[in-house]
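Grab a pencil and open the model in your viewer. Below are some exercises, each with a solution worked out step by step.

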Amino acid sequence: MFNIKKEMDIRICNKTSGCLPNVGYNNKYQSREDIMSDIIQVTVWNEFRHERDPNGEPAKVYPKGMHAVIAEYLSKQPDMKVRTAVLDDPEHGLIEDVVNSTDVLIWWGHIAHHEVKDEIVDRVHNRVLGGMGLIVLHSGHFSKIFRRLMGTTCNLKWREAAEKERLWIVDPAHPITQGFGEYIELPNTEMYGEHFDIPQPDDLVFISWFQGGEVFRSGCCWHRGKGKIFYFRPGHETYPIYYDENVMKVITNAVRWAVPVENAVKEFGNRAPLEKLG
Ligand code: ZN
């Protein structure tokens, strides 16, 4: 999206209102149209195994894969350009060019986390630390990349009983929760319950209640390096969760929140003092 590293451009960026040059510092952009033409490069990654079993329930719910449904919704957003990648693509579809040109990566995995090559996890990890946003969905809690970024087991309780979930908004001022009332309801979901073995989130934006009695921290934000991470619980291969307008609105908000803001210059190592010492 931005060629900031190359151009040392500093901007005040808020994707919902457009990106503005930091006035007085950089006058590279010629017009408002140039500024507004910035597009968020989104890559939707899916392991895409459940949906390819022709006799399975997931193939009926998501015949083209969950990534296709998510990508179709996001590609209708005027500020997003969307690609998809799946596990069985060469390098899982996450070749260096793709990872390096992705602003926000969305991740769905479940039964084949172990098949994701460590070198690709390294690549994604480095890119997150460099500023790429990462949105981990549902059973992605056990993905290699999420567990590495969290440093904990990321384990949880679960039950598949098509029960009601009510996601309470507990941070109504957060960019990810804009445009909703007090809560979101999903009629049929898989239950995830506490304890969720994650580090304390930097921002906790949703807490889910389930019909069976459990609760769960279902919308959590962290910062790692320069990157922002959002874990969002809803989504299961046999329920039509990613056709739900509210779920997709949350993911859309999260993409805009997770956009790299690469205006922080980080320097490390031995330094001469800025002021005269002694
Ligand atoms: Zn599930």
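**Exercise 1.** Find which residue stands opposite V42 in β5, and work out how β3 and β5 run.

*Solution.* Start with the pair itself: V42 stands opposite V104 in β5. Then look along both strands: five bridges join β3 to β5, and the two run parallel. Strands count as paired here if DSSP finds at least two bridges between them. Helices (H or I, at least four residues) and strands (E, at least two) are DSSP runs, numbered from the N terminus.

A word on the ground rules: this is a predicted model, so local features need pLDDT of at least 70, side-chain atom pairs count only at pLDDT 80 or more, and totals for chains, interfaces and linings use all residues. Residues are numbered from 1 along each chain as its sequence is written.

**Exercise 2.** Write down the strand order of the open sheet, then name its edge strands.

*Solution.* Tracing the pairings gives nine strands in the order β4-β3-β5-β6-β11-β10-β9-β7-β8, with mixed pairing. The edges are β4 and β8, each of which pairs on one side only. Neighbouring strands of this sheet are turned by 25 degrees against each other on average, direction ignored. For such angles, axes are lines fitted to C-alpha atoms (for helices over the stretch in contact), and values run from 0 to 180 degrees between N-to-C directions.

**Exercise 3.** Follow the chain from β9 through β10 to β11, and describe both hairpins.

*Solution.* Step one: β9 (residues 203–210) and β10 (residues 215–224) run antiparallel and are joined by six bridges. F206 has G219 as its bridge partner in β10. Four residues sit between the strands of this hairpin, and G213 takes a positive phi near 115 degrees.

Step two: β10 also pairs with β11 (residues 227–232), again antiparallel, over six bridges. Here H223 stands opposite K228, and C220 opposite Y231. This hairpin has two residues between its strands, and G225 in the turn has a positive phi of about 60 degrees.

**Exercise 4.** Is β11 enclosed or open, and why?

*Solution.* Count burial: six of the six residues of β11 are buried, so the strand is largely enclosed by the rest of the structure. A residue is buried if 20 or more other C-beta atoms lie within 10 Å of its own, exposed if 12 or fewer, and partly exposed in between, with C-beta atoms placed from the backbone. Now sort by direction. In a regular strand the side chains alternate between the two faces of the sheet. In β11, G227, I229 and Y231 point one way and K228, F230 and F232 the other. On the β6 side (residues 133–137), the pairing is parallel over four bridges, and L137 stands opposite F232.

**Exercise 5.** How many residues are buried in α4 and in α8?

*Solution.* In α4 (residues 66–75), seven of the 10 residues are buried, among them M66, H67 and Y73. Their cover includes β3 (40–46), β4 (80–86), β5 (104–108) and α8 (245–258).

For α8, 10 of the 14 residues are buried, so the helix is largely enclosed by the rest of the structure. The buried set includes V247, R256 and W257, and β3, α4, β4, β5, β6 and β11 are among the elements that cover it. Finish with a length check: the expected span is 1.5 Å times one less than the number of residues. The 14 residues of α8 should span 20 Å, and the end C-alpha atoms are 20 Å apart, which agrees.

**Exercise 6.** Look up the backbone at H92, A162 and H195: what stands out?

*Solution.* H92, in the loop between β4 and α5 (96–100), has a positive phi of about 55 degrees although it is not a glycine. H92 is buried, with 20 other C-beta atoms within 10 Å. A162 lies in β7 (residues 157–169) and has a positive phi near 50 degrees. With 14 C-beta neighbours inside 10 Å, A162 counts as partly exposed. Lastly, the peptide bond from E194 to H195 is cis, with omega near 15 degrees; H195 is in the loop between β8 (183–193) and β9.

Technical notes. Two residues are in contact if their C-beta atoms, placed from the backbone, lie within 7 Å.
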